[in-house]
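Here is a colleague's note to read beside the model, written for someone new to looking at structures. Please keep the sequence and the 3D view open, and find each residue as it comes up.

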Amino acid sequence: MISSILVSMVQHLPGGVLLLNSHCQISYANSFIYRYSELTERELVGKSFFSLFPEVPKAWFNRKMQSVLTSQQTEQISWQQRLYLLKFPRQQHLDQTQVYMAQNCTLIALRHPQTHEQFLCLWIQDASEQARYHAKLLMTQQQLKIHDRQDSLTGLMNRQFWQQQLLLEIARAERYERPLSLMMFDIDQFKHLNDQYGHKAADILLQSLARHCAGLLRDNDLLARFGGASFAVVLPDTTLNGAIEVANRVRLQLSEQAFIEHEPKVRVTISAGVSLHQMSNSAVELILQADQALYQAKRAGRNQVSIWNTAAIAS
């Protein structure tokens with residue numbers, strides 16, 4: 001009676017049970033295995049495990065099996081180690097990226113009480129919800145990391161992350177004795193544009209300008225929205241003359257673009273300031289110098305590039 005109860009219990013377990021003999025032939029399978037393999041008892045029992053489930057790596061599984069049978073120690077293989085052992089479909093796969101059932105698999109050594117023949121029991125549990133939740137958690141964490149680095153409006157680096165990268169670039173420039181320049185620019189009369197066309201148009205302007213500006217720079221130049229209508233660019237391996245050339249190219253190219261769809265077309269100009277890193281300079285000093293040069297350009301009439309110098313501070 002007890003044996004029949006045990007058989008009934010195994011048949012109704014919320015997971016798959018497979019019994020393999022020492023030659024990897026299937027001696028027993030419960031209803032879970034029949035359901036998900038879509039094979040009958042006649043098609044399963046007595047057949048080679050590897051011929052019915054070719055997705056199982058033979059050499060790897062044989063090593064696992066021998067280890068468990070020799071040590072008589074249960075071994076567990078989580079879905080994080082191997083997403084699945086048997087290629088069973090998910091019960092519900094609303095998430096199309098996970099078609100197959102993620103599985104936790106337990107390998108148990110058994111011995112026949114009379115013949116002492118060894119068997120390996122595979123207990124397979126559906127871990128699809130665990131895997132789905134874990135993937136969702138990782139995605140959320142990744143999105144939070146991106147949020148920590150990106151300006152939410154333009155998709156550029158935000159000020160905090162850009163300043164961290166600036167420190168790295170300064171250390172690299174000093175180590176390899178390479179030039180490093182900084183460019184800061186600001187949209188001229190942005191408040192007037194914002195008041196005239198509204199916040200939505202102003203946001204579109206900032207987004208469009210950010211895209212155009214990124215297309216004018218090298219891959220290793222670091223462009224960020226510094227705040228409001230101000231942007232900053234780290235220019236690695238760039239002398240002061242090179243930075244001036246870049247700033248003027250960006251200024252001229254942006255002045256030719258119509259960023260707000262309106263009749264007549266609305267064009268904008270930028271004022272820019274550039275500074276060159278000196279060995280004695282900190283990141284804060286380099287930013288301050290470029291910022292002072294930027295406001296020197298604005299005081300001089302806008303739509304131009306200024307270089308930081310001591311005269312810019314005094315004026």
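**Notes on the predicted model**

1. Five strands form an open sheet in the order β7-β8-β6-β11-β12, and their pairing is mixed. At the edges of this sheet lie β7 (222-227) and β12 (305-307), each of which pairs on one side only. From one strand to the next, the twist averages 20°. Please bear in mind throughout that this is a predicted model.

2. In which sense do β11 and β12 pair? Strand β11, which covers residues 270-276, runs parallel to β12, and three bridges join the two strands. As an example that can be followed in the view, Val 274 has Ile 307 in β12 as its bridge partner.

3. Turning to charged side chains, a search of the whole structure gives nine salt bridges. One of the pairs is Arg 172 with Glu 169, whose closest N and O atoms are 2.7 Å apart. Both residues belong to helix α7 (residues 159-176), where they are three residues apart, about one turn of the helix. Arg 172 is partly exposed, with a relative accessible area of 42%, whereas Glu 169 counts as buried because its relative accessibility is 14%, and buried means under 20%.

4. Helix α8 (residues 190-197) holds another such pair, Asp 195 and Lys 191, which are four residues apart, again about one turn of the helix. Their side chains meet in a salt bridge with an N to O distance of 3.0 Å. Are these residues buried or exposed? Asp 195 is exposed, with a relative accessible area of 56%, and Lys 191 also counts as exposed, at 61%.

5. Sorted by class, the residues that line the largest cavity are five nonpolar, two polar and one charged.

6. Finally, two backbone angles deserve a careful look. His 116 is not a glycine, yet its phi is positive, at about 65°; this residue lies in the loop between β4 (103-111) and β5 (118-126), and it counts as exposed at 51% relative accessibility. Gln 189, also a residue other than glycine, has a positive phi near 50°. Gln 189 is found in the loop between β6 and α8, and at 48% relative accessibility it counts as partly exposed.

Terms used
Residues numbered from 1 in each chain as written. Predicted model: local features only at pLDDT ≥ 70, side-chain atom pairs only at ≥ 80, totals over all residues. Heavy atoms only, no water. Salt bridge = Lys/Arg side-chain N within 4 Å of Asp/Glu carboxyl O. Buried < 20%, exposed > 50% of the residue type's maximum accessible area, 1.4 Å probe, protein only. Nonpolar A, V, L, I, M, F, W, Y, C, P; charged D, E, K, R; others polar. Pairing = 2+ DSSP bridges. Axes fitted to C-alpha atoms, helices over the stretch in contact; angles between N-to-C directions.
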